[in-house]
Amino acid sequence: MESEAGHGSVPLDSGTGRPVPEVEPGLVERWRSERGELVELLARVRERCGGVAAFRLGPSRTVLVTDPSAVQHVLARYPERYVKRSHRARLLIGDGVLAATGTAWKRQRRLLQSQFTGIGMRRYEQRITEAARTTAERWAGYARTGQSLDVGREMRRFALDAIWRSLTGHPLDDDTERELDAVAAVATALPTLPADASAARDAVAADLARIDAVAGHAIEAARNGAPGPEGPGLLRVLTDAGAEHPEYTDQLIRDELVTLLTAGHETTATTLTWLYLLLDRYPAAREQALGAGGEGSPERRQALQALIHETLRLYPSAWILPRHAAEDDVLAGYTVEAGTDLLVCPYLTHRDPELWPDPEHFAPRRFVTPGGRPEHLGAYFPFGIGPRACLGVQFALRESTVLLEHLLPAHTVAFSATPTKAVYGITVRPDGPTVATLVG
């Protein structure tokens, strides 16, 4: 069934709506059997029925949303109508701000919001820079000796160091890094864990215990110990809140800490890994960015940020955003009944050829050329949009830019082999190691 709206913008809202175009269940089951990845199924649903489309897997009906106007309606204009019911990573992050809902979410977000914008970000500038310098020194050693490295692991190490310094005031040490490998292990395992909550927890119990031990030690140090060498960190804000507000129990502080650790390093590390893999395929993009201006110039910084944004276009930090319709609504001319599950998919919106010409091509100049990218807010949203957009957007962009300022002029990365597929879990990550050597 073809959507009347085709692939362009769907109609504006009206008082009454039409039924959402729906793919025949038998066709969906056939597609699912042919291609195992959910993203491939969603791509076919969109191709057949347009930017607001329904499909069924078994008895449940889901509405896929990729049209920019509909995206903005769901995420930004009417977030009270389209709510988060739970987070896929709740097993790991508990009741942290990503998983919280209602009044609790508003309270938790309000506490953290000021830490990641404007003046709040200035507290972390030097810590991010020190983490980047540490990485640059390590890479200089690899270049001198010819030692190989895993780019993905290096990016996780950098991003974890940056967020750990910001949380605790301490640089990341080897023992803490080793224990916090458990965060990535649980995050990677989540899509394959049993549906039963107890069985899922049992499957990763050892890793969760390691995470809890590190978190508990860090919380006690923030509450009772002297500030780290870089001063008190964001964790002190949480422990101070615990002293004033009874709802900030040790468990909630733990959940917020693990949420910030997970969101604060896994997505950035994955983006930077994809960026280097893309530069391997499109080496001219590196030269263009470095040639945009001298070291430290606004022109070069803008060009480096364009590299990051184009990587996020192809591999958004949150590739899919589940929502639940809390009430009846008319979405872009279509009736959505209360109780409907929706999937908003940045990954597909970012690869829509009507929005992004030659969408599979890595072209950072889209983000520096006037008219090079769509103006609609819902056409590019790698961190979400609206009140539930990622808190750490500015932190992530800043740390990525600072690291590239240190590494990109000094080294060309030569991969031994590159992954041929992506894994669509909580993030979109390369399927396989990213072993390389450094030239320069």
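These notebook entries record what I looked up in a predicted model.

**Basis.** I number residues from 1 along each chain as its sequence is written, and I use heavy atoms for side-chain values, leaving out hydrogens and water. Local features need pLDDT of at least 70 and side-chain atom pairs count only at pLDDT 80 or more, while totals for chains, interfaces and linings use all residues.

**Helix pair.** I examined helix 6 (residues 119-145) and helix 16 (residues 393-407), whose axes come within 9 Å and cross at roughly 35 degrees. I take helices as DSSP runs (H or I, at least four residues), and axes as lines fitted to C-alpha atoms over the stretch in contact, with angles from 0 to 180 degrees between N-to-C directions. I find that the contact residues divide into 10 nonpolar, 4 polar and 4 charged.

**Core.** I next looked up the largest nonpolar core, of 117 residues, in which Trp-139 and Met-155 are among those touching the most other members. Such a core joins buried Ala, Val, Leu, Ile, Met, Phe, Trp, Tyr and Cys residues through side-chain atoms within 4.5 Å. I note that Met-155 touches residues including Trp-139, Leu-403 and Leu-407.

**Cysteines.** I find 0 disulfides, a disulfide being a pair of cysteine sulfur atoms within 2.5 Å. The sulfur of Cys-345 lies 15 Å from its closest cysteine sulfur, in Cys-49, and is therefore too far for a bond.

Technical notes:
Helix = DSSP H or I, 4+ residues; strand = E, 2+ residues; numbered from the N terminus. Nonpolar A, V, L, I, M, F, W, Y, C, P; charged D, E, K, R; others polar. Buried < 20%, exposed > 50% of the residue type's maximum accessible area, 1.4 Å probe, protein only. Contact = heavy atoms within 4.5 Å. Lists of a residue's contacts leave out its neighbours within four places in sequence.
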